[in-house]
Amino acid sequence: MTMGDPVTVKILDGTAFVTIDNPPVNALGHAVRVGLLAALDRLEAAPVVQEIVLLAEGRTFPAGAEIKEFGKKPEDPWLPEIFDWIEQCPKPVIALLHGTVLGGGLELAMAAHYRLADPETKLGLPEVALGILPGAGGTQRAPRLMGADAALDLMLSGAPIGVAEASRKGIIDGVVRGNLPSAGAAFAKSLRDRGAGPRPTRDVTQGFTDAAAYQTAVNARRAAMAGAPQDNIARIIDCVEAAPLLPFEAGMAFERDAFDELVASDQSKALRHAFFAERRAAKVPELATGRARAIHRVAVIGGGLMGAGIAVAHLDAGLEVKLLERDAASLQSALARIAQIYDRAAARGTLSREDRAARLGRVSGTLHYTDLADADLAIEAVVEDLAVKAQVFGRLDAVLMPGAIIASNTSYLDLDVLAAETQRPGDVIGLHFFSPAHVMTLLEVVVGRETGADAVATGFALAKRLGKTAVRAGVTDGFIGNRMLAAYRLAADYTVELGASPFEVDAAMRGYGFAMGPYQVLDMAGLDISWARRKRLAPTRAEGAHYVALGDRLCAAGRFGRKTGRGYYQYPEGSKTGQPDPEVLQMIAAEREAKGISPRSFAPAIIRRRCLAAMANEGMKLLDEGIALRPSDIDTVMIHGHGFPRHAGGPMMAADLTGLPRLHKDLRDLSSEDDALWSPHPMLGELIKNGWKFDRLNEA
Ligand code: 3H9
């Protein structure tokens, strides 16, 4: 075989080594499948070969099927067929595992007769996150090896496990240190010496020994997952339930039908889109020339809720943090806030005492800018006030070394104005964390007019280190996430003004898959925050523009949300779940009366269409203005920053799935209510004319 073949074979002392080489993650794409089948065919017939060892080149044993092939016409040979062949091979087949053995990769391993793993191997069945199920025998083989409880754990959580747990669960036969192929050769030899033959997993029944316990585990999961928004969850449970009841072949057919149905579903399309969207977001033009600078020491300016969360995010990633506050009392409470976050994690049992101490050991506080001189990166998280931030920028610029990066965590303010306060506008960037910053997975990397490629590259590298998903955004009031949120809230407000209650709007959006509706989120964040923004933007509002004053009325009445016990909802005695408040309904009725609106009712589906149409329209504006590079970046921001249901793919993907002509019609119908929000962006007509979807712009 020539170099570059995705599957190569070497025979040594009667043992054949079949190596998969398909970077980056050895996904089991078509060429690999063809290569595998050809190799197995040949080796099965070759008299010199006594055992077959499967292994992979590079960083991992296959991390799954080739996801890009889903939704396309399936090309033979298909995985279940190959895995059948492996399992029924008359010669022992040994899988040598390393890296991330996921999905189809683990199913391949389970079809082999024996499994050995490197100590660092992670094994998992993450298909649940793609809206599908393990469709190459996983739902039938895993329960045979480990029983229903452990198999369902793997398949429903999607979380990988380490080798210790995998050994306990009976998925692997041994952990091997050192050179993996040598260990494989030695194992093959030991099988030969013992006269041990193939051990087809289909014939294994160790997971089925206690039929009653098996069914109890299935029933318990079914009850626990009832009402789950993803359709594949019930199908996974059904397949596992079927495993001991059906003959293996029939179980495989049952799994196949479920897989085919799920892979064609909108949910799976949306979840696959989300997977690729996250990875595509990291591909930005600046990375072609920019070099990420090394970051060891981080300065955080301002230790409020945001600053403390940002500090924790960096401490968690092993970085050193120096926190600057303006006076001793503020500094003390900032450090206490950080300690409290760790205390809570320790109390929950998610952080060990040693880790807590190590993280707190890396943070120090100061009142003096000169103490920040050795920082590689400074992130300001002071009050959202341009003058205050500008002053901080000037002072940071004066003390930081050349090459150190100055970042703002502003949610709305103009980064270019801040950059102009420094002598290093090329090293100024926006790092917009979402609250709570140590929990939320999104980081908007805001690129100003003069931001240099190195600074952008550093922002993306930092995000990776912090375990966050980074999305590039241009400078505008609210960047991507908060501009989208503003459109969403406006659509919600208009709907309330016309007759829906905030509680109905929230319920409709929860029904779509959001964990909280827009008014619950407002109550949680504090209504005063958006009130301040509206006041700031008031001078720029066009005269006669449609304006819903309800939020202002609530604030004027001292209803700032959860923290004041009253907002859109009431929160009796500090309760976290609000109850609808009749007083709010009265205020809304008064607003409607003042505007001469007679209320009408809105079905949940109509509420959702209004909100989704507004978001997609705003998304097009962001694309047109060059604030977002591509539709999928907007989806990623909404999923990671604002709780948009992942299984709906984000607002742009959701529009693709319902169809752009339908979006166009919705917008046209709504535009009479408020042109600025709803009038269809011209881009939409262009896309429709060409028969394209937003996804077309993702490829560009
Ligand atoms: C399955 O197996 C179905 C079967 O049950 C049934 C079949 C019948 N396919 O994440 P990274 C790409 S479903 C295609 O940045 P990391 C990824 O897009 C599958 N491409 O690296 C990226 O490309 P690019 C079940 C894949 O080190 C590059 O590899 N398996 C696949 O942070 C590097 O990825 C999964 O769901 C794939 N399967 O993380 C596992 N996997 O460079 C999904 C990766 O062009 N993958 N790529 O942007 C992962 O969780 C992570 O990629 C992994 C590495 C942990 C492996």
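Predicted model: local features only at pLDDT ≥ 70, side-chain atom pairs only at ≥ 80, totals over all residues.
## Basis

Local features need pLDDT of at least 70 and side-chain atom pairs count only at pLDDT 80 or more, while totals for chains, interfaces and linings use all residues. Residues are numbered from 1 along each chain as its sequence is written, and side-chain values use heavy atoms, with hydrogens and water left out.

## Domains

The domain assignment gives domain 1 (7–264), domain 2 (295–477) and domain 3 (482–698); such bounds come from an automatic or database domain assignment. The centres of domain 1 and domain 3, taken over C-alpha atoms, are separated by 45 Å.

## The six-stranded sheet

Helices (H or I, at least four residues) and strands (E, at least two) are DSSP runs, numbered from the N terminus. Two strands pair if DSSP finds at least two bridges between them. Six strands form an open sheet with mixed pairing, in the order E1-E2-E3-E4-E6-E8. Strand E1 (7–12) and E8 stand at the edges with a single partner strand each, so one side of each has no neighbour in the sheet. E1 and strand E2 (residues 15–20) run antiparallel and are joined by six bridges. Thr8 has Thr19 in E2 as its bridge partner.

Strand E4 (residues 93–97) runs parallel to strand E3 (residues 51–56), with three bridges between them, and Leu54 stands opposite Ala95 in E4. E4 is also parallel to strand E6 (residues 114–117), to which four bridges join it; here Ile94 stands opposite Tyr114 in E6. Five of the five residues of E4 are buried (under 20% relative accessible area; exposed is over 50%, partly exposed in between, with a 1.4 Å probe and protein chains only). Val93, Ala95 and Leu97 cover one face of E4, and Ile94 and Leu96 the other. E3, helix H2 (residues 79–87) and E4 make a right-handed β-α-β unit. Right-handed means that, with the strands pointing away from the viewer, the path from the first strand over the helix to the second runs clockwise.

## Nonpolar cores

A nonpolar core is a set of buried Ala, Val, Leu, Ile, Met, Phe, Trp, Tyr and Cys residues joined through side-chain atoms within 4.5 Å. The largest has 90 residues, of which Leu396, Ile480, Tyr568, Phe644, Leu663, Trp678 and Phe694 touch the most other members. Helix H23 (residues 604–624) gives the most to this core, with ten residues. Domain 2 and domain 3 both give residues to this core, so it lies between them. Apart from it lies another core, of 74 residues, among them Ile67, Val101, Ala109 and Cys239.

Contact means heavy atoms within 4.5 Å. Not counting residues up to four places away in sequence, Phe694 touches Met620, Pro631, Met652, Ala655, Asp656, Leu660, Leu663, Leu684 and Leu687.

## Two buried residues

Ser632 is in helix H24 (residues 631–642) and counts as buried, because its relative accessibility is 0%. The side chains of Ser632 and Arg280 are joined by a polar contact of 2.9 Å. A polar contact is a pair of N or O atoms within 3.5 Å; within protein, one must be able to donate a hydrogen and the other to accept it, and residues adjacent in sequence count only if both atoms are side-chain atoms. Not counting residues up to four places away in sequence, Ser632 touches His273, Ala277, Arg280 and Asn698.

Ile171 lies in the loop between helix H5 (163–169) and strand E8 (174–175) and is buried at a relative accessible area of 0%. Its contacts, not counting residues up to four places away in sequence, are Leu106, Met110, Arg115, Met146, Leu154, Ile161 and Ala166.

## Backbone details

Most residues other than glycine have a negative phi, and most peptide bonds are trans. Asp13, in the loop between E1 and E2, has a positive phi near 50° and counts as exposed at 69% relative accessibility. Asn26 has a positive phi of about 55° and lies in the loop between E2 and H1, but counts as buried at 1% relative accessibility.

That loop between E2 and helix H1 (30–45) also holds Pro24, and the peptide bond from Pro23 to Pro24 is cis, with omega near 5°. The bond from Ser435 to Pro436 is cis too, with omega near -10°; Pro436 is in the loop between strand E14 (428–433) and strand E15 (442–447).
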